[in-house]
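Subject: Structure for your review

Hello,

Here is the structure I said I would pass on. Please look it over first; my notes on what turned up in it follow below.

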Amino acid sequence: MKPSNSAVTSGISTPIPFIAAANYAQAGAWVNALQAAMPAERIVAFDAMSDEDKLACQVAIVANPNPADLQQLPQLEWIHSVWAGVERLVVDLGDTHLKIVRLVDPQLANTMAEAVLAWTLYLHRDMPAYAKQQAQQIWQALDYVRPQQRRISLLGLGALGEAAAVSLLRAGFQVAGWSRHRKAIDGVNCFAGADELPVMLAQTDILVCLLPLTPDTRSLLNASTLAALPKGASLINFARGAIINDADLHAALDSGHLAHVVLDVFEVEPLPVSQWQWQHPSVTLLPHCSAPTDRQTASQIVAGNILRYRQSGVLPLTIDVQRGY
Ligand code: NAP
């Protein structure tokens, strides 16, 4: 798609708004970082846009924007999210003509791979069990398991899942992964499609969820899929809370079918204090911190994508709104 505004071709770029949720405290810092990454552009906070700016702008950079703000931009063609996950944006925008680009940043993938490795090692080296022993003043070494004997399976082999797989392989683990289309990643046992999910789950000691939340993945981890894991398996969810059916997870932990779960994401965040996960002895709870966007590297990625669009009219890869990711 070519930029349609003649101002672009004549070298005078239309302004690019940064549009975030009304209560978002980091908006000013984003405007500064994005402006520094693309000095030839004019980055403006949505509130600071003139009526003329609003009429002219074709591309916006967004962080969970209010859809009503986007509707004030009649020429808007595409939006670039500064988050990797765009599930909320897809739902908020509904049936939209806008093209949506999400953040794909190697730094973010590295950060997530580090988190997956850290919390896999936490489970692999029995840290939850040792914490319980310490609380009861029990001095007892548990049997050592080599990483080569531990089977880690990834749900999702996208930008984040593939980086996580590589770091787990380097640490010596047996690694499997599941996606919609079969992947070919050296050293990873790749499964694909709904039929092969139970096969992979049956061969899993630690399951790591890195799927997007879509109509297909909502409640994917439920009584039936959790039952397909071997007794004593553990789970890490770094993707989205609603991929897990909470009541079924609670039952699987209470029955001892699952040994432990590390949860970073929840359907409602912050997790309300009344929720069972806060107190459950087999839950390690994190405040959605596994892979924060790095404002500096993300701004460079966004700037590169916008610069290419300005020069060639070619949009970066956009998400498939129907598919949900
Ligand atoms: P991505 O590159 O789009 O990869 C998604 C992967 O999931 C792909 O391998 C895809 O399969 C697979 N998948 C999607 N639907 C599926 C289905 N129905 N059955 C089987 N496989 C399916 O996404 P990403 O960049 O890796 O990010 C994944 C998610 O991580 C984001 O959507 C976000 O929710 C979450 N996230 C969390 C944090 C955090 O701090 N906790 C930070 C960033 C992102 P195909 O390859 O076959 O399409």
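**Notes on the loops, strands and ligand site**

Gln137 sits in the loop that runs between α7 and β6. Please keep in mind throughout that this is a predicted model. Gln137 is not a glycine, yet its phi is positive, at about 55°. The residue counts as exposed, because its relative accessibility is 77% and the cut-off for exposed is over 50%.

The loop between α7 (127–135) and β6 (151–155) also holds Arg146. Arg146 has a relative accessibility of 44% and is classed as partly exposed. In sequence Arg146 is 26 residues from Gly172, while the C-alpha atoms of the two are 8.4 Å apart in space.

A positive phi also turns up at Ser219, where the value is near 60° in a residue other than glycine. Ser219 belongs to the loop between β9 (206–209) and α10 (223–227). With 28% relative accessibility, Ser219 is partly exposed.

Pro270 is part of the loop between β11 and β12 (283–285).

**Strands**

Strand β11 covers residues 258–263, and five of its six residues are buried, so the strand is largely enclosed by the rest of the structure. Strand β10 (residues 233–237) runs parallel to β11, and five bridges join the two. In that pairing, Ser234 has His260 of β11 as its bridge partner.

Asn237 is also in strand β10. Its relative accessible area is 0%, so Asn237 is buried. A polar atom of the Asn237 side chain lies 3.2 Å from the backbone oxygen of Arg240.

Pro17 is in strand β1 (residues 16–20). Pro17 counts as buried because its relative accessibility is 0%. Between Pro17 and Val44 there are 27 residues of separation in sequence, but their C-alpha atoms are 4.7 Å apart in space.

**Ligand site**

Which residues are closest to the ligand? They are Arg102, Leu160, His181, Lys183 and Tyr325, out of 28 residues that surround it. Sorted by class, this shell has 13 nonpolar, eight polar and seven charged residues.

The shell draws on two domains: domain 1 (5–105 + 293–312) and domain 2 (109–285) each contribute at least three residues. Among secondary structure elements, α8 (159–170) and β7 (174–179) each give at least two residues to the shell.

- An oxygen atom of the ligand is 3.0 Å from a polar backbone atom of Leu157.
- A nitrogen atom of the ligand is 3.1 Å from a polar backbone atom of Arg180.
- A nitrogen atom of the ligand is 3.1 Å from an N or O atom of the Asp264 side chain.

How much of the ligand's area does the protein bury? Taken alone, the ligand exposes 950 Å², and the protein buries 91% of that.

Regards

Notes: Residues are numbered from 1 along each chain as its sequence is written. This is a predicted model: local features need pLDDT of at least 70, side-chain atom pairs count only at pLDDT 80 or more; totals for chains, interfaces and linings use all residues. Side-chain values use heavy atoms; hydrogens and water are left out. A residue is near a molecule or strand if one of its heavy atoms lies within 4 Å of it. A polar contact is a pair of N or O atoms within 3.5 Å; within protein, one must be able to donate a hydrogen and the other to accept it, and residues adjacent in sequence count only if both atoms are side-chain atoms. Accessible areas come from the Shrake-Rupley method with a 1.4 Å probe; for residues, only the protein chains shown count as cover. Helices (H or I, at least four residues) and strands (E, at least two) are DSSP runs, numbered from the N terminus. Ala, Val, Leu, Ile, Met, Phe, Trp, Tyr, Cys and Pro count as nonpolar, Asp, Glu, Lys and Arg as charged, and the others, Gly among them, as polar. Domain bounds come from an automatic or database domain assignment. Buried means under 20% relative accessible area, exposed over 50%, partly exposed in between (1.4 Å probe, protein chains only). Two strands pair if DSSP finds at least two bridges between them.
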